[in-house]
Amino acid sequence: MSDVVVVESPAKAKTINKYLGSGYTVLASFGHVRDLPPKDGSVRPEQEFAMDWAADERGSRQVAAIAKALKGAKTLYLATDPDREGEAISWHVQAMLAERHALKGVNVERIAFNEITRTAIRHAIAHPRPLDMPLIEAYMARRALDYLVGFTLSPVLWRKLPGSRSAGRVQSVALRLICEREAEIEAFRAREYWTVEAGFTTPAGAPFTARLTHLDGKRLDQFDLNTEALARRAKTQVEAGNFSVAAVERKRVRRNPPAPFTTSTLQQEASRKLGFGAQQTMRLAQQLYEGVEIGGDTVGLITYMRTDGVQMAREAIAAIRDHVKAEYGAPYLPGAAREYTSRAKNAQEAHEAIRPTDVTLTPEQAARHLNPDQRRLYDLVWKRAVASQMQSAELDQVSVELADPALPRGPRLRATGSILAFDGFLKLYHEDLDDPADEPESRMLPPMAERDPLRRGEVVAEQHFTQPPPRYSEASLVKKMEELGIGRPSTYASILTVLQDRNYVKLDKKRFVPEDRGRLVTAFLTSFFERYVDPGFTAGLEEQLDDISGGRAEWRGVMRAFWEEFSRAVDQTKDLKISDVINALDQDLGPHFFPPREDGSDPRVCAACGNGRLGLKLGRHGAFIGCSNYPACQYTRRLVVDGGEEEGSTLKEGMRVLGEHPETGEAITVRRGPYGVYAQQGEQEAGSKIKPRRTSLPRGMDGDSITLEQALGLLSLPRIVGIHPELQEPIEAGIGRFGPFVKMGGVFASLDRDDDVLAVGLNRAVDVLARKLASVRTLGAHPADREPVLVRKGRFGPYAQHGNKVANLPRDVTMDDLTLEQAVALLAEKGKPLKPKGARGKAAAAKKPAAAAKAAPKADAKKAGVKKAGVKKVAATKAGAAKVGVKKSAAKKPAARKPAARKAAG
């Protein structure tokens, strides 16, 4: 029988299988095989931080396949990724196999490799090692910390700040950075300053420009010329001068190449140069690492992409130096190999930098084997690694001072320029910067010598204003987090994604803008949990985790120290009143939601009643702005900045009467609620449960200016737009939960912000639906209830849908070939209820076998609690994290999981 090798991804398994041959069976774990269940009690501080680990259906299936392959095998090679997460996956796989008694007589070895090449794989097989327990303990500590913060802090948020999603140990600190930068921008006040420049011509007739630097014998600072009058006075003095060259200074400077990529610098540069997001960059890098088909063989093109190290293997450096000398010549090769060390805080440098596995495979040669995005990223990695071993660039910098010899205290000007004397590494690679203003100026000056007379041209005084600090881009936020020591290479991309998924921030022109919900959460956490969203504290905790992975600290000791203070801080909020929360948020965010007005009037005065004070209020579904005179004044507005694009109307006493419905005579009003302005037809009768017809006003329609005709049009939605010219089905337009839409059968498509739902025509509706119809097709009406039957393109292949029932299509049937009759038959035979979001993955683990439920006595069921059937429990005991135990399936039927449980896992 063959030995078994376990890797993380099927793509990697396929490649390594080719390298090792028939003597080995290579299987994939598909990432983590188990995790902490998203429920209370998965980590128990009172039991020395014992943890429950639960495998989902996929994880159990993969481990079962590995156990089956191990029958008769002599050795199991755990070959997951060479980082903390990879070590943890190997540990979990070994523990689950031990629970299945699948390791009897099997030698278990851990192997690691930094690149997927034939040589690297065979070297790893020949040099196995045991599991790195300090690294696994660091993983357990990190996982326990994230769990305890999420499941302890998030419920506090939900109770004290309705409408919040969740809090996370690192994500909350990243959110704070974004919110604080926005507060800096809002508090910024531009300052005026002026510069004076003059054009000159040398004796040879060559033109150049110089800037005023000295006036009245004094060097000018940035704000010395801060009015137009001062600038004009300076301009007049320059115009009166007779200038010549007072001094010429020349010096040669060297620019060294940047280090090869780490995870964070790759994400930053891919964002700046290629416009890739962090997630996209890591996905493409994973593909290049796992390999592509070249010449009939699968070849890994780059080394492991989750690293904070900048060093490279000596063999790789030697190969790159040989390539540089052969391709560019001896002048481009430095005398000795360049050695790099990381400047990032808390950098472990446990792995090599990201580099090509074979420098002789140039981007041009690899291009035909890659898709466009893969090619661009490989080109970036290859050039950066090669440039890191090239000679420095050399620039000749020239500075020329201009003065009037007859006026010792007169105006002086300076012209600067630089010439690239030797391009060095710049021949191959140029690093971009987040702020183009930081880029050194490169312009040539004509030849000049001291005392050369100059002919003056036009003198220009130009007005400027200081600029606020820029918002964070993905690149600059990752850079800031790395500088502060927050997070780790494997977490940057997921942190940015979580913040956007929870609607705490949005990307606008590739810059992070905090949503009001995110600012509320940050204000709450900084007011009541300041220590735990402090970058310094979070970075210090990262250092302790690094000490655990290096064997310098005991993980339970670190956990105890953290939990004692953290749980005490949470306990102090139990008696916190909502009024205390409102006051703290109002004080913190008041300047944001009520910025000063140009006319000096109080932005807090209620525009509806005229004497109430506007402030933050908390309702069942979140925060909003309301009047202090409530309920006498019912003015409210959504949580947006005063005067912003979603600014509410005054709507005296909470509503405005537009007129009567022409058919029913009912009053048509426009009203303001906590979630915005809406139109309403009639009133709810006393004692009746039937609510009057209502519809939200679409974006761009103002409550103070909406007409009766517009309101009637909105209340009459949905409306028929027309008949689809090809499919001959009616198209409707309406307003739903997520805004205006068009609909044909069961296919919905959102309208853009610029579309008027009352006026959108057939051509526009067909165009909007065309994008949706590419992935959805209506087959017709179901004979049983006349509801539409659809065929959709899903994540795991096409499927038919009728209402809440779905059925996957057979492999030999395509979306285009499926007929209504086939779909109806398929749904009747194999249809399953459509699972709501969040219910997948662990649904199977929640099911209890009926026989077990009947057989167990009630007393045992009560004692067993709510443990899920088939869930394995691993207690991290004092003797060591590797001890594995199994808990029997509980007889009691598991309690229904709270919807909030999954949300807390951030």
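Modeller: Helices are DSSP runs of H or I with at least four residues, strands are DSSP runs of E with at least two, and both are numbered from the N terminus. This is a predicted model: local features need pLDDT of at least 70, side-chain atom pairs count only at pLDDT 80 or more, and totals for chains, interfaces and linings use all residues. Residues are numbered from 1 along each chain as its sequence is written, and side-chain values use heavy atoms, with hydrogens and water left out.

Biologist: What percentage of the residues of the protein count as buried?

Modeller: Buried means under 20% relative accessible area, exposed means over 50%, and partly exposed lies in between (1.4 Å probe, protein chains only). The protein has 25 helices and 35 strands. Of its 906 residues, the buried share is 48%.

Biologist: In which loop is Glu48 found?

Modeller: Most residues other than glycine have a negative phi. Glu48 has a positive phi, near 55°, and is partly exposed because its relative accessible area is 26%. Its loop lies between strand S4 (43-44) and strand S5 (50-51).

Biologist: Does Asp216 count as buried, exposed or partly exposed, and at what relative accessibility?

Modeller: Asp216 lies in the loop between strand S10 (207-215) and strand S11 (218-219). Although Asp216 is not a glycine, its phi is positive, at about 55°. Asp216 counts as partly exposed because its relative accessibility is 32%.

Biologist: Which peptide bond is cis, with omega near 5°?

Modeller: Most peptide bonds are trans. Pro718 lies in the loop between helix H19 (708-715) and strand S27 (719-723). The cis bond runs from Leu717 to Pro718.

Biologist: Which residue in S28 stands opposite Gly722?

Modeller: S27 and strand S28 (residues 730-736) run antiparallel and are joined by four bridges. In S28, Gly722 has opposite it Ile731.

Biologist: Which residue in S32 is the bridge partner of Thr778?

Modeller: Strand S31 (residues 776-781) and strand S32 (residues 788-794) pair in the antiparallel sense over five bridges. They form a hairpin with six residues between them, and Arg786 in the turn has a positive phi of about 65°. The partner of Thr778 is Leu790.

Biologist: How far away from Cys633 is the nearest cysteine sulfur?

Modeller: A disulfide is a pair of cysteine sulfur atoms within 2.5 Å, and a search of the whole structure finds zero disulfides. Cys633 is thus in no disulfide. Cys633 is buried, with a relative accessible area of 5%. The nearest cysteine sulfur belongs to Cys606, at a distance of 3.8 Å.

Technical notes. Pairing = 2+ DSSP bridges.
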